[in-house]
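Hi there,

Here is the structure I promised to pass on to you. Have a look at it first, and then read my notes below.

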Amino acid sequence: MLDTSARLLRLLSLLQTPRAWPGSELAERLGVSGRTVRNDIERLRELGYPVDATRGSTGGYRLGAGAAMPPLLLDDEEAVAVTIALRTATQGAVPGTEETSLRALAKLQQVLPSRLRRRVRTLMAYTVAVPADRPVPEVSADVLTTLVSACRDRERLRFDYLDHAGSATRRNVEPYRAVNWGRRWYLVAWDVDRADWRTYRIDRIRPRTPTGPRFTPREPPGGDIAEYVAGRVSGAAWRYRARVTVHAPAVAVIERINPAVGTVEALDADTCVLSTGADTVQTLAVHLGMLDFDFDVTEPAELVTHLRRLADRYGRSTGEVPPG
């Protein structure tokens, strides 16, 4: 049987999981009587930990929110995962949180058992992050917190939104989710004035306070919110768009197309139409070449011209087209 101090720590660890614990189950886990569990619960309350109790078939004990954070008790895998996540945050995933993440990381590493410290040090020593190949838009941690809090509390948001040219427009929205794609953040929200779903880059949002009234959540667009954002964001950035007839079953093409790259519509059992796009015709040509299927392209004219130029170049590289 665990001594009192060890038992209290074990009890506190169990209560930190997001569920209610019946007293009988806690007694079984700790190897003590129900009376001892009740006494231990009172000891935790005396130490300042708010343990809530509910009755009924789904009731039990759970740790509530208090004025101070209790000791965070992690198993081995949880401790390693949190350490790696903090290390990633120190590299600027959300600008403004680097210093705070570094302080938390230092505290965690100090108390890690030697067996875990060695695992973490090995991961850090033999893994390398490749810097972004282009400037990363900075997202304020305060802005991100404001947005996700409004999503959680179902409160309308008013904010100024900067377009590509830097001009501001006023938006009034019902926020749904903040979505992270790579190192960019987007807000998916119902635009009240436009009566439609919209996707906003969070680095271009300037929130206004206070937040508005509460609202009843709507059904999210497209079912999968990540796919919805990928399709909207990539499509909005396309300078060139193309509808390509692909001589292959739609199912085979879908397996090779990320939703962010295009959509596929079946024509018959052996042919489909790929609607795709890119910022350059060179990128479009790469996407089409990677399909490894025959295809027909009639527009845009710039893409047709580029593909003909590539065909000539590849032909010359194999001696099938005379030079010049």
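Buried residues, meaning those under 20% relative accessible area (1.4 Å probe, protein chains only), make up 34% of the 324 residues in the protein. This is a predicted model, where local features need pLDDT of at least 70, side-chain atom pairs count only at pLDDT 80 or more, and totals for chains, interfaces and linings use all residues. Residues are numbered from 1 along each chain as its sequence is written, and side-chain values use heavy atoms, leaving out hydrogens and water.

The protein has 11 helices and 11 strands; these are DSSP runs numbered from the N terminus (helices: H or I, at least four residues; strands: E, at least two).

Now for a pair of helices. Helix 4 (residues 76–89) packs against helix 6 (residues 114–125) at an angle of about 35°, and their axes are 10 Å apart. Axes here are lines fitted to C-alpha atoms over the stretch in contact, with angles running from 0 to 180 degrees between N-to-C directions. Contact means heavy atoms within 4.5 Å. Among the residues that meet are Val-80 and Ile-84 in helix 4, and Leu-116 and Val-120 in helix 6. Sorted by type, the contact has 7 nonpolar residues (Ala, Val, Leu, Ile, Met, Phe, Trp, Tyr, Cys and Pro), 5 charged (Asp, Glu, Lys and Arg) and 1 polar (the others, Gly among them).

Happy exploring!

Key. Buried means under 20% relative accessible area, exposed over 50%, partly exposed in between (1.4 Å probe, protein chains only).
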